[in-house]
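Hi,

Here is the structure I promised to send over. Have a look at it first, and my notes follow below.

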Amino acid sequence: RKLVLEKNCIGNKGAVAIAQMLQQNSNIRDLNLNSNDIGPGGVKALARVLRISGLEHLGLEQNHDIGNLGAKYMANAIRENPRYLQHLDLSDSGMGNMGGIAILEALKFNNRLETCRIASRKLMKSKHALLRGTAEQAWKLNLRVWLVCFLVDYGHTVDDNSIRQRISMKQKLLD
């Protein structure tokens, strides 16, 4: 049910092979591919399989080559509302403003994802108003998403506890 392949230099070819395996094996629920030199090509294959796999957790943290293009591939998958995916980690994936905006826009259409981490040094340095505004919109529209993004708090790191407190406060205001 859990497959941990962290720090194995899998790359795009390995990610494509794993995606093909996931098409045949729906028993894997938790897949950790952190720090594996995966780029947009590997993410594209993984994103395609999310609709049919049983994955609940997908870790792609510290795959610095994913960038904006890989983030857009994942955003398309998020938008399609995969049946099982609840937790996605794209932290330190090299995405910038456009990738961040794509992910945040996609979250508006997803009602299953509970945790989406997109913390990134490139996003942290951003003063992009559209990204900040989109983060706020995603936050308001989908309270179930814990968006751990440096931009959500305008440059301050946000941890899970402070996010839980914010969600709790917002839910009380809405009730």
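In H4, the buried residues are Gly99, Gly100, Ile101, Ala102, Ile103, Leu104, Ala106 and Leu107, where buried means under 20% relative accessible area, exposed over 50%, and partly exposed in between, with a 1.4 Å probe and protein chains only. That makes eight of the 11 residues in this helix (97–107), so H4 is mostly covered. Helices (H or I, at least four residues) and strands (E, at least two) are DSSP runs, numbered from the N terminus.

Please keep in mind that this is a predicted model: local features need pLDDT of at least 70, side-chain atom pairs count only at pLDDT 80 or more, and totals for chains, interfaces and linings use all residues. Residues are numbered from 1 along each chain as its sequence is written, and side-chain values use heavy atoms, leaving out hydrogens and water.

Now for the pocket lining. By class, the largest pocket is lined by three nonpolar, six polar and three charged residues (Ala, Val, Leu, Ile, Met, Phe, Trp, Tyr, Cys and Pro count as nonpolar, Asp, Glu, Lys and Arg as charged, the others, Gly among them, as polar). A pocket here is an open set of points on a 1 Å grid over the protein atoms alone, where a 1.4 Å probe fits, with protein on both sides within 12 Å along at least five of seven lines; lining residues have an atom within 4 Å of a point. Strands S2 (30–32), S3 (57–59), S4 (87–89) and S5 (115–117) each supply at least two lining residues.

Lastly, Asp37, in the loop between S2 and helix H2 (40–49), has a positive phi near 60°.

Best wishes
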